[in-house]
Amino acid sequence: MTDGTTGGAGADRPVPQPAEVAGPRADEVVSGSDQAGRAGHGPEVVDVRRGMFGVDGSGDTSGYGGLVQPVALPGAASRPYGGWFDEAVDVLAEVLGEAGVAFDDAVERVVVDPQTDPPHEHAELTLVVAREHLVAVSRALRDDQDLRFELSLGVSGVHYPQDVGRELHAVYHLTSVTHGRRVRLEVAVPDADPHVPSTTSVYPTNDWHERETWDFFGIVFDDHPGLARIEMPDDWPGHPQRKDYPLGGIPVEYKGATVPPPDTRRQYS
Amino acid sequence: MTAPAFTATRPPTDDFDPGIPGFEASGGDWDEIAREAVGEERIVVNMGPQHPSTHGVLRLMLEIDGETVTEARCGIGYLHTGIEKNMEFRTWTQGTTFCTRMDYLAPLFQETAFCLATERLLGVTDDVPERASIIRVLMMELNRVASHLVCLGTGGNEMGATTVMTVGFTGREEILRLFEAVTGLRMNHAYVRPGGVAQDVPDDFEDQVRAALPKIRHYLGQLGDLMLANPIFKARLTEVGALSLAGCMALGVTGPVLRSAGLPYDVRKAFPYSGYETYDFDVPTSTDADCFSRVVLRLEECYQSLRIVEQCLVRLRDTAGAPVMVADKKIAWPAQLAVGADGQGNSLDHIRHIMGTSMEALIHHFKLVTEGFRVPAGQVWQTVEHPRGELGVHAVSDGGTKPYRAHFRDPSFNNLQAVSMMCEGGQVADVVVAVASLDPVLGGVDR
């Protein structure tokens, strides 16, 4: 994935190796949380990493070419979530229920990272929200007195080209000044249909942040008051922060040697 | 890469109706242009991006009716350099070299926020040595004073008060000298690193700071004398650029502008990091919600920052000789930096060790510097209190040696959204004052 510029997904990559060649860690996942192996709550696999040195096709004589490691982000958490997370999720479910939205429809997954017992001091709560209920969820989070996430700190995008059907993620960072809490909302949409409802009706501050996310990732925020590019020129082709968009740059000659641009250098995968 | 399939929006040339006359004002007499334009129903003045009063390359589009601004819009992006994209192609340690260049008046805040985020992904937050956190806090608070001095100085300059500017920059110079003594550079430091800081402060650093503090106080006092009781200054700023608490919250405006509306929200108090909960300082607020109160708040914040600096100096003396980088050799660079005759570089002892006696140490050094360390997959959101508001870092790792995504929520970027609300209905001359009170730094806005 780090060498996304080199084209199709694994077209000319080494073929998967038999178990004895692939090595002892082939089934392990690269994960930031020790809940990775917990039964029933599989981590969110977003990519599979092959080899060690980012070399595709040929040229890798290191012997590491057959390494296969799934890349997994922390998966759904199990109850109790720890700290104030349980209470907040319960209140949200109740508020959504009053508005006629089933919690399980609106929130696909509750992620607590890292989830430890006792609760980790730096644990973060992420709600993976279905896009059709995003506005209802953020309105509930803002307005209910027990939630009161009144301050939005913007939107950022992430592009996972190998996560088929969920390539584009929009991530919302909400803060409750009243309660001193933070929550993250995450919405995943397919590249083929990159539409997310705009949250500007709930958080006017997301206006420019959504424009920025559109500009850099091509996520279309429906019902945004003016979804124009904000950083790139209006007639710019493509969306620069996507993984299939090259970094650009020119080779630099230094003392007789040529240094290639950063995204075409050999790199560690 | 294959050619993109579509373009985002119409080319801008389609927007212009050839029937609408345009007038260009570059150093001309506004009266003449206005006379020429009489009869036009709508006058749109384009201010910037190369206007000296817009704090860099900010473009303001003002629709005016006489001297009254009826609509104000911002155009940004003139300083976009793709720093976030570049960071995806460098190691986590190299990331600080890039993010320090975002908001160039407050580089140490970006560095610290990024490193705190990286440390949380690594799970080493609690292992960062206390002395490293003290140095970070000390450098950030000095940086806050330097940044506020530029804000107040350039704000004064934009209203024609050149002396305010010269005093502000002279005071900042004292702080930049301290930065140079510690990091070797006046800006673009890349001094804070994941796990700690690049090297310890010089032995006589406490003396240097103690010598500089009275001078900084002197210049802050001069700025206060020049501005706070000046009838012209007060007339230009009082009840100008108002933004209520409701407006601030809706627009996500944080920092001095939010505190001028009465909410004492400061990340250092609300979500402490780097041990801020152990320092004694106040968060000044006001309820006037105008440009003048923001000047007063920034001056007061400078004095509060100096209070923290003095507490840091005591703690630095108590922790002299303690490590400034995590003990984990898989994260901390093995190089021990030293000040040599030719400036700063690796210590000769370390070079002798890796070149002469230990091949493994050489391999380890080479691997760690070129490949970098691997960061467990996951995402993290870390904010710090930046001079202009809440700076957020959204860092995503895929388990590799480079950030999969590093997003910076820059307070200047967000706060510029408030320009419309602060300027519409006011005078043209007040636009400059209102923008200066937001203190946007376009390097941070555009990244």
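Axes here are lines fitted to C-alpha atoms, for helices over the stretch in contact, and angles run from 0 to 180 degrees between N-to-C directions. This is a predicted model, where local features need pLDDT of at least 70, side-chain atom pairs count only at pLDDT 80 or more, and totals for chains, interfaces and linings use all residues. Residues are numbered from 1 along each chain as its sequence is written, while chains are lettered from A and ligands numbered from 1 in the order in which they are written.

**Exercise 1. Work out how H5(B) and H12(B) are arranged.**

Step 1: Find helix H5 (residues 130-158) and helix H12 (residues 291-318) in chain B. Helices (H or I, at least four residues) and strands (E, at least two) are DSSP runs, numbered from the N terminus.

Step 2: Take the distance and the angle. The two axes come within 9 Å and cross at roughly 155°.

Step 3: Name the arrangement. Angles over 145 degrees count as roughly antiparallel, so H5(B) and H12(B) are roughly antiparallel to each other.

Step 4: Look at who touches whom (contact means C-beta atoms, placed from the backbone, within 7 Å). H5(B) brings residues including Ile134(B), Val137(B) and Leu138(B), and H12(B) brings residues including Val295(B), Arg298(B) and Glu301(B).

Step 5: Sort the contact by class: 14 nonpolar, 2 polar and 5 charged residues. Here Ala, Val, Leu, Ile, Met, Phe, Trp, Tyr, Cys and Pro count as nonpolar, Asp, Glu, Lys and Arg as charged, and the others, Gly among them, as polar.

**Exercise 2. Describe the side of chain A that touches chain B.**

Step 1: Count both sides. In contact are 52 residues of chain A and 46 residues of chain B.

Step 2: Pick out the elements. Strands E2 (68-73), E5 (151-159), E6 (168-176) and E7 (181-189), plus helix H5 (206-217), of chain A each supply at least two residues. E5(A) gives the most, with 6 residues.

Note on methods. Contact = placed C-beta atoms within 7 Å. Parallel < 35°, antiparallel > 145°, perpendicular 65-115°, else oblique.
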